[in-house]
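Good morning, colleagues. Please look at the structure on the screen while I go through some of its computed features.

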Amino acid sequence: MRPEWWCVAAGAVVALLGESVVPLALGVAGVPLAAGVRRARAARRERERREAAVIALLGEVGAEVRAGRQPGDALRLTLHDPVDAGVGTGAARSAVLAATRFGGDVPGALRSAAREPGAEGLLGLAACWRVAVDRGAGLAAGLERLEAALRSERDQRADLRAQLAGARSTAVMLAALPLLGLLMGSALGAQPLRVLLHTGPGLACLAVGGVLEGVGVWWALRIVRGAEER
């Protein structure tokens, strides 16, 4: 069962406790939102994995070139490694391999492969490749500097994300405070679920509070994401 379906399970439990279908309906409505969050996290992990693979690809190609291999042979040998995924999907990988094997447009194939999220570093490899072929410049030195630059950028982004983790955790904690209030009210015998789910003012407060809660969480996370993007 995918994680987003726990929203339905939680809504069903609250619906049984509060004897109302409103929590169940809210749980069902939360499924697409939770699914979107899950997909966004999966896309970010895939992007980070591809970034790491591109950095590893640059290091391996540079090492092969310094060892005396021709650039095409070095790239082809590195791409044949099944562990490496720096050149994206199978189609992009096959295009680059074909270009290196049959004397095609290697920089063009690399630029096409760089369109996938996380593989933007291949644009630098394409530029280094074109300069090395057209002007006879040292490819290994250029790849070494490019690898160092990409690695430094990745480390800076990871450090920024770690610094912003506190702000993100604070926003989530503040968003959970109303749930703590409901638990405390239930423990004191005030029956907050019955008031919220079976009275007109309670339903109005639930609707307004839910909207304000959602807007607040969205705004806080938007600020954090904006800081990460900059």
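Which backbone oxygen does the side chain of Thr-78 reach? The side chain of Thr-78 reaches that of Ala-74, at 2.8 Å. Thr-78 belongs to helix H3, residues 71–79; helices here are DSSP runs of H or I with at least four residues, numbered from the N terminus. Thr-78 has a relative accessible area of 4% and is therefore buried; buried means under 20%, exposed over 50%, and partly exposed in between, with a 1.4 Å probe and protein chains only.

A word on the model. It is predicted, so local features need pLDDT of at least 70 and side-chain atom pairs pLDDT 80 or more, while totals for chains, interfaces and linings use all residues. Residues are numbered from 1 along each chain as its sequence is written, and side-chain values use heavy atoms, without hydrogens and water. The chain has a mean pLDDT (the predictor's confidence in each residue, from 0 to 100) of 84, and 93% of its residues reach 70 or more.

Next, the aromatic rings. Rings of Phe, Tyr and Trp (its six-membered ring) pair if their centres lie within 6.5 Å; planes under 30 degrees apart count as stacked, over 60 as edge-to-face and the rest as tilted. The count by this rule is 1 aromatic pair. The ring planes of Trp-218 and Trp-219 stand at 50 degrees, with centres 6.0 Å apart, so this pair is tilted. Trp-218 is partly exposed at 47% relative accessibility, and Trp-219 is partly exposed at 46%.

Definitions and conventions. Helices (H or I, at least four residues) and strands (E, at least two) are DSSP runs, numbered from the N terminus. A polar contact is a pair of N or O atoms within 3.5 Å; within protein, one must be able to donate a hydrogen and the other to accept it, and residues adjacent in sequence count only if both atoms are side-chain atoms.
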